[in-house]
Amino acid sequence: MPVAVFDMDGVLYRGGVLLPGAKETLERLRRAGWQVFFGTNNSTATRQEYVDRLATLGLGGDLEHVVTSAYATAHYLERLDPKPADVFVVGSNGLRDEIRAVGLKVREAASLPGNDPPPTASADGVDPGAMRRYLVGLDLPPPADTVVIGLDLHLTYAKLAEAQRAVLAGARLICSNRDRAYPVEGRLLPGAGSAVAAIEIATGRTALCVGKPEPFLFEEVLRRADAHASLAGPGTRGRAVVIGDSTDYDMVAAHRVGATGVLILTGLTSEDALAHASGEAVPDRVIGSLEDLFSLPELAGT
Ligand SMILES: [Mg+2]
């Protein structure tokens, strides 16, 4: 069974608006026996939230076919030897929940040392030394053995300090993704990469990245595709095609797992930007819309 992996935002929809041909494309692929997966770097929403969103948009899909960077991170941690025993997350509860779901112990957000500064320390401009004195005076638990970073809309200096303490004591450093920006309604906000960079600078260490452009997220997709395909007999996976709107993330990750990278020009990448792509970021195929997908040789007979 061939495998199609769709990035979502900029490919199937933009914000809440479905892109032309999205529904028909997925239906046609599924009818022709393709396994259709969805792979996203977003680490804040749970897979169920994506399934609900896909259902609302009429795109189908279920938990088995949605892989987020949070989910892929959890499964990456699960396979480490030795397994993490005490995970500190700088990120969302969605990320914590995915890691707990594979049976690993994750600290509660509320248990953060430094979570509860007195007003003199938390107010900027009142007493610059108060936060330092507060942090220095904390009663600290043993450092975590693993630090995981994702998009954190409640990032604080105390969280950076706790992550730094653990990593300097020898903890593994892993991030769900290094996205520069978090595109929201009408503007950009800082992406997970801003927190990753802060902790890397504070520790002198480089985080292992699970999400795109690294291969681990798509490897998790292909692992699941193999599990499904093996029900139909060994070696039935066949070819894998990634459809994404980013050269730097989707195309690079596709190539790192040996998939065909199809760039669609309905999202992040314009034709002008495409001209600047080099190396692994150069797509194998470029399409202007989802309707063009079926004219590609990789989709012949579909
Ligand atoms: Mg995208």
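Which residues does the domain assignment of the chain give to domain 1 and to domain 2? Domain 1 comprises 3-41 + 213-299, and domain 2 comprises 82-207; such bounds come from an automatic or database domain assignment. Select both: their centres, taken over C-alpha atoms, are separated by 32 Å.

The model is predicted: local features need pLDDT of at least 70, side-chain atom pairs count only at pLDDT 80 or more, and totals for chains, interfaces and linings use all residues. Residues are numbered from 1 along each chain as its sequence is written.

Next, select helix H4, residues 93-101. Helices (H or I, at least four residues) and strands (E, at least two) are DSSP runs, numbered from the N terminus. Gly94, Leu95, Arg96, Glu98 and Ile99 of H4 are buried, meaning that 20 or more other C-beta atoms, placed from the backbone, lie within 10 Å of a residue's own. After H4 comes Gly103, whose phi is positive, near 95 degrees.

Keep E7 in view and select strand E8, residues 172-175. The two run parallel and are joined by four bridges; strands pair if DSSP finds at least two bridges between them. Thr146 has Arg172 in E8 as its bridge partner. From E7 the chain passes through helix H7 (residues 157-168) to E8 in a right-handed β-α-β crossover: with the strands pointing away from the viewer, the path from the first strand over the helix to the second runs clockwise.

Finally, select strand E11, residues 208-209, which pairs with E8 in the parallel sense over two bridges. Here Ile174 stands opposite Leu208.

Terms used
Buried ≥ 20, exposed ≤ 12 C-beta atoms within 10 Å, placed from the backbone.
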